[in-house]
Amino acid sequence: MKLFNSSNALVMGAALALAIPSGVAHAAAGSPTAALAQDDVAAKQRAATEKLLGSLERQTGTIPIQAAKADLVLGDKYYFVGPEQSRTILVDIWRNPPASANGVLGMVFPKGKSFVDDTWSAVITFESTGYVSDDDAKTIDYNEMLADMRASDEAQAPDIRAQGYPAGILQRWAQQPTYDGGKHSLVWARDIKFDDMPEDSLNYDIRLLGREGVLSMNILASMSQLDEVREAAKTFASVGTFRTGARYADYNAATDKKAEYGLAGLVAAGGAAAVAKKVGLLAILAKFGKFIFIGIVALFAMFRNAIGGLFGRKPPLEASEWEAPETGSENVGDDPKNS
């Protein structure tokens with residue numbers, strides 16, 4: 001996740017970015033009053049960027065993630081930014097809706113890079129869904145799942161485009177889901193093609209399973225960055241450790257909450273709602289609500305506006321002007337996912 005140049009606009013991430021309908025953007029640029037408002041937004045964005053660059057707290061070494069009862073052992077190759085500064089990046093600088101930063105525990109960047117560079121970053125969240133069984137690890141047909149997810153994307157694309165949003169179609173696994181039973185880590189990556197985007201988007205997902213839920217690290221980049229991000233994903237699949245009592249092996253079937261889905265559900269929840277339903281994710285769909293529709297199914301690039309605001313081109317819209325589409329959300333619940 002980052003501020004992108006015009007040739008490298010990408011998706012923001014699962015349940016983190018919403019799109020600006022083209023009609024809203026056109027209307028916003030159509031009057032002198034709107035132009036002045038946009039200039040003001042760009043000035044605020046630039047000021048927030050300069051302020052944060054001067055005060056960015058880059059944490060290295062072992063990073064405690066208290067909400068997950070876990071630690072990230074990053075060493076000095078990557079650095080961690082805490083939740084408050086992550087919210088500033090996501091909302092004040094990248095101009096995402098305020099709710100997009102809810103539940104974000106921090107962000108990780110490669111050493112020597114920041115949120116203004118053409119680089120990738122990982123967003124850290126924790127879902128207290130309960131213990132996710134890995135009993136289905138050896139029986140999942142990921143080729144069939146890929147076909148179902150792509151078909152679902154294609155079926156929903158006309159409705160998404162009709163609302164002024166570019167449609168995203170899953171092309172292939174950039175990395176087929178791989179589960180490490182010893183580390184209880186699940187890693188996969190998707191190649192997603194969005195309308196009118198010059199380059200496909202790369203969405204890397206790392207999930208670390210614990211006794212009480214799942215620690216998630218979502219990396220968003222471009223397909224041209226696949227090799228670099230693949231190496232980072234390998235590292236991230238190993239850097240997270242749950243503390244004693246919160247480890248996967250500490251699960252007590254007699255007393256602990258258990259999720260209503262397995263590994264297939266974790267992957268399907270990062271894809272289309274129709275596929276998630278197919279593998280029995282009614283509970284998680286109800287929680288995700290419309291964000292699984294727009295935040296996961298219809299993620300697409302909008303940072304062209306953000307980078308334009310910082311460098312004198314068309315500035316971004318205010319976060320208050322963002323609105324998720326209603327069509328289709330009734331199929332997946334009413335409450336938005338705010339994490």
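Which element gives the most to the lining of the second largest pocket? Strand E10 does, with three residues. The legends below describe a predicted model, in which local features need pLDDT of at least 70 and side-chain atom pairs count only at pLDDT 80 or more, while totals for chains, interfaces and linings use all residues. Residues are numbered from 1 along each chain as its sequence is written, and side-chain values use heavy atoms, with hydrogens and water left out.

**Figure 1. Overview of the chain.** The chain has 10 helices and 11 strands; helices (H or I, at least four residues) and strands (E, at least two) are DSSP runs numbered from the N terminus. Of its 339 residues, 60% count as buried, where buried means under 20% relative accessible area, exposed over 50% and partly exposed in between (1.4 Å probe, protein chains only). Among contacts between residues at least 6 apart in sequence, 68% join residues at least 24 apart; a contact means heavy atoms within 4.5 Å.

**Figure 2. The second largest pocket.** The volume of this pocket is about 210 Å³. On a 1 Å grid over the protein atoms alone, a pocket is an open set of points where a 1.4 Å probe fits, with protein on both sides within 12 Å along at least five of seven lines; a cavity is a set from which the probe cannot get out, and lining residues have an atom within 4 Å of a point. Grid points are joined across faces, edges and corners, and the volume is the space filled by probe spheres set on the points. The lining comprises 13 residues, of which Lys183, His184, Gly240, Thr241 and Phe242 lie nearest the centre. Strand E8 (201–209), helix H5 (226–239) and E10 each supply at least two lining residues. By class, six are nonpolar, five polar and two charged; Ala, Val, Leu, Ile, Met, Phe, Trp, Tyr, Cys and Pro count as nonpolar, Asp, Glu, Lys and Arg as charged, and the others, Gly among them, as polar.

Figure 3. Histidine 184 is found in the loop between strand E6 (168–180) and E7. Although this residue is not a glycine, its phi is positive, at about 55°. Histidine 184 is buried because its relative accessibility is 18%.

**Figure 4. Aromatic pairs around tyrosine 131.** The structure holds seven aromatic pairs. Rings of Phe, Tyr and Trp (its six-membered ring) pair if their centres lie within 6.5 Å; planes under 30 degrees apart count as stacked, over 60 as edge-to-face and the rest as tilted. The rings of tyrosine 131 and tyrosine 248 are stacked, because their centres are 4.5 Å apart and their planes are at 25°. Tyrosine 131 belongs to strand E5 (residues 131–133) and tyrosine 248 to the loop between strand E10 (240–242) and strand E11 (258–262), so the pair ties together parts 117 residues apart in sequence. Both partners are buried: tyrosine 131 has a relative accessible area of 12%, and tyrosine 248 has a relative accessibility of 7%. Tyrosine 131 also forms a stacked pair with tyrosine 251, at 3.7 Å centre to centre and 10° between the planes. This pair links strand E5 to the loop between E10 and E11, with the two tyrosines 120 residues apart.

**Figure 5. Further ring interactions.** Tyr78, Trp120 and Phe236 are joined into a cluster by ring pairs. Elsewhere, the charged end of arginine 58 sits over the ring of tyrosine 79, 5.2 Å from its centre. A charge sits over a ring if NZ of Lys or CZ of Arg is within 6 Å of the ring centre and within 35 degrees of the ring normal.

**Figure 6. Glycine 262 and valine 132.** Glycine 262 is found in strand E11 and is buried at 15% relative accessibility. The C-alpha atoms of glycine 262 and valine 132 are separated by 5.4 Å, although the two residues are 130 apart along the chain. Beyond neighbours within four places in sequence, glycine 262 is in contact with Val132, Ser133 and Asp136.

**Figure 7. Arginine 161 and aspartate 195.** Arginine 161 lies in helix H4 (residues 142–162) and is partly exposed at 40% relative accessibility. Its C-alpha is 9.1 Å from that of aspartate 195, which is 34 residues away in sequence. Not counting residues up to four places away, arginine 161 touches Ala167 and Asp195.
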